[in-house]
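Reader: Before we discuss any assignments, could you show me the model and then tell me how each label was reached?

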Amino acid sequence: MYQKLTIRQKQIVWAWAFLAVPVLFYCVIRFYPTANAMLISFQDWNLLGDRTWAGFENYQKLWNDPVFWKVFRNTFVYLLLGTPVSLVLSFVIAYHLDKLRFMHGFLRMLYFLPFMTSAVAMAWVWRWFYQDVPIGLFNNILAGFGIPQISFLNSTTNALPAVLAPAVWAGLGFQVIIFMAGLRAIPTSYYEAAKIDGVGWFTVLTQITLPLLRPTIIFIVVFSSIGFLRIFDHVFNMTTNNPGGPLNSTKPLVLMIYDTAFNGFDMGYAAAQTVVLFTILLIVSLIQLRLLRSE
Amino acid sequence: MANLALRNLTKSYGTTEVLHGITLDVADGEFVVFVGPSGCGKSTTLRMIAGLEETTSGIIEIGGREVNNLEPKERDIAMVFQNYAIYPHMSVKKNIAFGLRSSKMPKADKEKRIQEVAGILDMTDLLDRKPSQLSGGQRQRVAIGRAMVRDPAVFLFDEPLSNLDAQLRTQMRLEIKKLHQRVGNTIIFVTHDQVEAMTMADRIVIMKDGHIQQVGTPTEVFHKPANTFVARFIGAPSMNLLSGELDGTLVRLNADRQVRIPGVAAGGATNILLGVRPDDLHLDSANPILSGKVTLLEPLGAETLIYVDTPSGEIIAKADGRNPPQVGDAVQLGAAPENLHVFDSASGEALT
C-alpha cells in the first residue's frame with residue numbers, strides 16, 4: 001500500500017512517523033495536565049479526597065485574598081526590575097567584551113559560568129554574602145569602611161532586590177552570549193561606513209547597533225521576562241526558613257502556588273493561581289512581541 | 001577635489017608584509033582603477049587610503065596634505081563598499097543624509113544637497129523607500145549617493161559592482177563613468193575584473209602579491225604590457241605565450257619557425273616568451289609563425305575562437321565568425337610582427 005502513495009503522501013507518512021513521539025509526549029505531559037489544571041481550578045480537591053465542583057469560588061477567593069495581590073505585585077516587581085536591569089547589564093558587557101581581544105574567551109567563560117551553576121548552590125552562596133557581621137561578605141566589607149549594617153534578607157524593603165540580584169547575575173551569561181552573537185552578525189562595513197562619515201560612537205550605537213540588534217533584544221526581553229515571571233528557586237532557597245518572607249515581601253506567584261498546593265493541599269485554589277499565572281505570561285509575551293515587532 | 005599621492009606605502013600584519021612599497025601619483029579628477037587577483041593588496045591599499053587600516057610605513061597625501069594619522073572623516077574621502085553598507089532600517093533619504101550627519105551645514109542646505117544628489121542619481125522618487133524595497137542596482141546608487149552628498153576630494157570604490165548580475169554590472173559601469181564625467185572628483189576604484197578596469201579607468205594600476213606590476217592607460221597596459229603577468233591578466237581570452245629563443249631581433253620558436261621582431265631590446269636574454277593575443281593571431285598561410293590542428297571551437301557570433309594544438313602548446317586564435325575552420329583541420333596562423341610581444345622567460349619582463 002505504501003508503494004502506491006505519491007511522493008508527497010510518503011513524505012507526510014514519514015513526517016508523522018517522526019512527529020508521533022513528540023506529539024504523544026506533548027499530549028500526555030503538556031496538554032493533558034494543562035487542561036486538567038484548568039478543570040481543577042473550578043473544583044475543590046485536597047489531593048486524596050474526591051474532586052467536587054466549586055465553580056468560580058477559587059477565583060473569587062483569589063480576588064479577595066490580600067496575599068495574592070501582594071504576590072501579584074511582587075511578581076511584577078521581579079519582572080519590571082529584573083528584565084531592564086539584566087538587559088542593560090548584559091548589553092553593556094557584551095558590547096565591551098565584543099571589542100576586547102585580550103582574554104576574550106576566558107572572560108566570556110567567567111560570565112557564562114553562573115548560568116551553568118545550580119540555582120540552589122548559588123542561592124546559598126549569596127545567602128552567605130548577605131549575612132550580618134562577622135559572617136556575611138557584604139556587611140563585613142561595609143563594616144570595614146565603617147558603614148552601618150544593612151539587613152538584606154530580613155528587611156521587607158531590601159529582601160526582594162537582594163533575592164533578585166543573584167537571579168539577574170545567573171541569567172547574565174546566557175544573555176551576554178546571545179547579545180554577542182547579535183553584535184557579530186552586524187556587518188563590519190556598516191561601522192566602517194559610519195567611521196568614514198565621521199559620526200560619533202553614540203550615534204553609531206543608537207542609530208546602527210541598537211536598531212540592528214532589534215531581533216536579539218526582542219528575544220532576550222521575552223525570554224528573560226518569562227524567566228522573571230516564573231522566578232521560584234532563588235526565592236525559595238534564599239528564604240527557606242520562611243519561604244517568600246519576610247511577611248511575603250519576596251513571595252512570587254509560583255511560590256504561592258507551591259505553598260497552596262503542597263503545604264495547604266488546596267489543589268483547586270493552586271490551580272486557579274496557575275491559570276492566572278499562565279494568563280499573565282501569555283499577555284505579557286504577546287504585548288512584548290507586539291511592541292517590539294518591527295513596523 | 002584634490003590629487004592623491006602614495007609614497008612607498010607598506011603594510012604588515014605581524015611579521016608578514018602584504019604590501020611592499022606602493023608609490024603612485026593620482027592627478028586631480030583622475031579615475032584610477034586598481035586591479036589584480038584576490039590577495040594582491042588592492043583592497044588593503046584602498047582601506048589604507050580611507051584610513052580604515054593603519055599604514056605600516058610610507059606616506060599618504062591627499063591634496064598635498066599628509067593624512068597618515070588623520071581619522072577617516074578628516075581625510076575628505078568617501079567610500080562605497082562591496083556590500084553597499086546601506087542601513088536596512090533607514091529610508092533611502094536617511095541613508096543618504098547619514099553621510100552629512102557630522103557636517104555642520106544648516107538643515108536647509110543638507111536637504112537641498114540630498115535632493116540635488118537624488119536628482120543626479122535619478123532616485124528622487126525612491127527617497128522614502130526602505131533598502132529592502134530596492135533592486136541591487138538601486139541599492140548601489142543609494143551607496144553612491146551617500147558618498148556623493150559629502151562632496152569628497154576623493155571617492156573610493158571597493159569592488160562595488162561584484163554583487164550585481166552581469167547585465168546590471170555593465171549598466172552601472174556606464175553610470176559610474178558618466179557620473180565621474182559629470183562631477184569630476186578623483187576616483188579610486190578597486191576591482192578584480194579586468195573588463196571593468198579597461199572600460200572605466202583613465203589609468204589602471206595592476207597589482208600582484210603586494211607589488212604594482214604596471215601603471216598606465218588602458219591602451220598602454222593592453223598594447224604594451226610590462227611583463228607576462230600583465231600580458232595574461234589584461235585582455236580576454238589571455239595572451240598566448242610561446243617559449244622560444246632570441247637571436248638579435250630574430251625569434252626562433254620550437255620548430256623551424258622564426259620571426260623577426262622590430263624594436264626588440266637586443267642583447268637581452270636568449271630564452272624568451274613570445275606573446276601574441278588571440279585577437280592578433282589569424283589564419284595566415286602566406287606568413288605563418290605557427291601551424292597545428294584545431295581542437296576546439298568557441299563561436300562568439302562575429303568571430304570564432306579556435307583552439308589549436310601546436311608544437312609550442314595549445315594556443316588560441318581568432319577566425320571569422322562566418323567561415324571558421326572545423327575541428328581537426330590543419331591550420332597555419334600568422335600575426336603582424338608589430339603585434340608580437342617578447343618577454344624574458346626568466347624574469348617575465350617585456351623586452352619589446
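**How the labels were reached**

Reader: What makes strand S16 (residues 290-299) and strand S17 (residues 303-310) of chain B a pair, and in which sense do they run?

Author: Strands S16 and S17 of chain B are joined by six bridges in the antiparallel sense, and two strands pair if DSSP finds at least two bridges between them, so these two qualify as a pair. Strands here are DSSP runs of E with at least two residues, and helices are runs of H or I with at least four, both numbered from the N terminus. Within this pairing, B:Lys293 has B:Asp309 in S17(B) as its bridge partner.

Reader: Why are strand S15 (282-283) and strand S18 (313-320) of chain B called edge strands?

Author: The open antiparallel sheet has five strands in the order S15-S19-S16-S17-S18 of chain B, and S15 and S18 each pair on one side only.

Reader: How is the model to be read, and how are its parts numbered?

Author: The model is predicted, and local features need pLDDT of at least 70, side-chain atom pairs count only at pLDDT 80 or more, while totals for chains, interfaces and linings use all residues. Residues are numbered from 1 along each chain as its sequence is written, with chains lettered from A and ligands numbered from 1 in the order in which they are written.

Reader: How do you know whether chain A is compact or spread out?

Author: Chain A, which has 13 helices and two strands, has a radius of gyration of 24 Å, well over the 19 Å that the globule rule gives for 295 residues, so chain A is more spread out than a compact globule. The radius is taken over C-alpha atoms, and the rule is 2.2 Å times the number of residues to the power 0.38.

Reader: What class does B:Asp151 fall into by the count of C-beta atoms?

Author: B:Asp151 has 17 other C-beta atoms within 10 Å, so it is partly exposed. B:Asp151 belongs to the loop between helix H4 (136-148) and strand S7 (154-158) of chain B.

Key. Buried ≥ 20, exposed ≤ 12 C-beta atoms within 10 Å, placed from the backbone.
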